[in-house]
2 protein chains.
Amino acid sequence: MEIKETNIYETDELVGQYCDFQYGDEYFGVTNFAKACAHKAVAYAKETNYSKALDLGCATGYASFELAKTFDYVDGIDYSQAFVNVGRELQRSRHISYTQNGEGEIKTRKEVSIDDFNFGNVSSKVHFSQGDACALAPEFTGYDLIMATNLIDRLYQPHLFLKSIHERLNANGIFVLTSPYTWKEEYTDKEFWVGGYADENGQEITTLNALMDMLGEHFELVAIEDVPFVIRETPRKFQYTISQMSVWKKE
Amino acid sequence: MEIKETNIYETDELVGQYCDFQYGDEYFGVTNFAKACAHKAVAYAKETNYSKALDLGCATGYASFELAKTFDYVDGIDYSQAFVNVGRELQRSRHISYTQNGEGEIKTRKEVSIDDFNFGNVSSKVHFSQGDACALAPEFTGYDLIMATNLIDRLYQPHLFLKSIHERLNANGIFVLTSPYTWKEEYTDKEFWVGGYADENGQEITTLNALMDMLGEHFELVAIEDVPFVIRETPRKFQYTISQMSVWKKE
């Protein structure tokens with residue numbers, strides 16, 4: 001019972017933290033990460049016909065809505081039902097509210113409207129589902145763009161996702177990956193880390209090099225850039241992370 | 001056995017992280033926090049005779065050495081023996097080495113010399129001890145300056161420290177406190193949080209207001225300012241925190 005309460009609390013806290021990350025204020029002059037990634041992805045996909053996009057690891061849905069300003073149809077998928085419910089709530093009631101941490105256990109209630117982001121006219125183009133990137137249902141296919149932001153180092157077997165993702169893209173489709181490559185055994189058994197280790201010859205395998213190996217057969221690497229993001233934990237404590245965006249064009 | 005290995009690993013990782021925090025590079029243009037705090041504390045203590053300073057929660061010792069450029073005698077005390085050993089090692093062998101996280105489990109060995117910081121001529125003025133801020137030995141007294149950076153929200157009973165610290169200061173001595181007020185039950189039982197909760201009337205008690213209550217009897221609050229710090233966790237992931245410095249003059 002105590003464990004369950006702790007988990008519920010942490011889930012609520014995490015949902016609030018991610019709502020604030022996606023729909024809240026910007027800090028240290030760093031652009032909203034979901035917005036930045038969606039805009040960059042749209043630009044990288046400019047040679048597609050902008051029909052169908054997949055936002056995999058969509059969290060509370062901001063980038064899915066942002067992509068729907070350009071794409072005709074957007075799937076937003078996250079492993080967390082609680083996160084997906086936020087996006088659906090924004091579609092259904094046109095606003096969401098969440099709690100933001102103050103000092104200690106002090107909380108502030110925040111409310112945002114779908115109109116704050118000009119998502120009102122496009123929200124019906126977004127389709128949210130709970131799903132597992134390592135075992136995605138076959139219906140999720142035929143995309144011009146697949147975007148997976150800060151996902152791969154939280155998957156239990158990221159190769160299951162990376163080795164098959166090309167099958168879900170149209171010809172010349174774009175795959176946009178971002179990650180800070182924060183490999184941790186609590187999320188991914190070490191044998192499944194894509195990079196961040198030394199091989200049997202003592203050679204250090206970076207994630208980017210390993211991605212080139214894993215994706216190279218089906219993709220051309222067309223761009224790499226750093227995209228920073230800031231997550232507010234308390235009024236005074238933030239995570240400041242530099243994600244690496246790699247952009248892959250299906251060959 | 002497995003738990004013990006994990007603990008040793010985490011300790012080593014934390015020691016490396018703090019060595020890098022105190023002796024490593026600066027990130028995002030944010031000044032080395034230990035240096036910034038020592039310099040500010042020296043300026044705030046300019047009306048004392050700069051005889052004796054206490055750096056409580058000294059971690060790996062940087063600020064203790066920095067204070068010794070001005071003070072005749074500096075005590076550096078930390079709850080962690082592993083942290084204190086770093087400062088002692090720098091005194092003894094004039095250099096330290098530590099591991100810095102790369103991607104995943106890749107590590108880099110870093111080495112710094114006492115001469116990199118011009119601590120060589122003053123290091124013998126610093127006296128490191130392992131100690132508990134909530135139960136400090138009586139010999140630690142007679143200070144012109146007591147500095148406690150990012151300490152109070154990691155104490156098990158911070159009032160034991162705060163309610164008696166004036167006894168260890170000389171008349172007109174300066175007490176410099178910094179904290180991001182990140183109260184967590186894993187460090188401090190909620191009943192002992194200094195602030196960050198609502199009282200029985202629903203009134204929100206901020207830590208700063210509670211500090212004014214707790215310290216007001218013996219101190220005048222002479223200054224408040226924000227001091228940022230950045231802790232590097234991986235090449236791409238950082239903690240970016242805005243500590244609040246409050247400066248108290250013993251009446």
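Copies are superposed by least squares on the C-alpha atoms of residues with pLDDT of at least 70 in both. With that convention in place, let me turn to the structure shown above, which is a predicted model.

I begin with the relation between the chains. Chain B is superposed on chain A by a rotation of 180°, with 0.0 Å of shift along the axis and an RMSD of 0.0 Å. The two copies are thus related as by a two-fold rotation axis. Both copies use the same surface, since 100% of the contact residues of chain B recur in chain A. Within chain B, the residue that comes closest to the rotation axis is B:Q239, whose C-alpha lies at 2.4 Å.

How many residues meet at this interface? On the side of chain B there are 30, and they are in contact with 30 residues of chain A. The size of an interface is often given as the accessible area lost when the parts come together. Here chain B and chain A bury about 2600 Å² between them, and 54% of that area is on carbon and sulfur atoms. In chain B, the residues that lose the most area to chain A are B:E103, B:R236 and B:Y240, which together account for 28% of what that side buries.

I turn next to polar interactions. Across the interface, 12 residue pairs are in polar contact, both partners being at pLDDT 80 or more. The side of chain B that touches chain A consists of 11 nonpolar, 12 polar and 7 charged residues. Side chains of opposite charge can pair when their charged atoms come close. Between chain B and chain A there are 4 salt bridges. B:E105 and A:K190 form a salt bridge, with their closest N and O atoms 2.6 Å apart.

Which secondary-structure elements give two or more residues to the side of chain B that touches chain A? They are β9 (204–205) and β11 (237–250) of chain B. The largest share, 8 residues, comes from β11(B). This strand pairs with β11 of chain A, residues 237–250, in the antiparallel sense over 5 bridges. In that arrangement, A:F238 stands opposite B:Y240, and B:Y240 is also among the residues of chain B that lose the most area to chain A.

Over all chains, the count comes to 22. One joins the side chains of A:K107 and A:E13, at 3.6 Å from N to O. A:K107 lies in strand β4 (residues 107–113) of chain A and A:E13 in helix α1 (residues 2–23) of chain A, so this pair ties together parts that are 94 residues apart in sequence.

Terms used. Residues numbered from 1 in each chain as written. Chains lettered and ligands numbered in written order. Heavy atoms only, no water. Contact = heavy atoms within 4.5 Å. Buried area = accessible area lost by both parts, 1.4 Å probe. Polar contact = N/O pair within 3.5 Å; in protein donor to acceptor, adjacent residues only side chain to side chain. Helix = DSSP H or I, 4+ residues; strand = E, 2+ residues; numbered from the N terminus. Nonpolar A, V, L, I, M, F, W, Y, C, P; charged D, E, K, R; others polar. Pairing = 2+ DSSP bridges.
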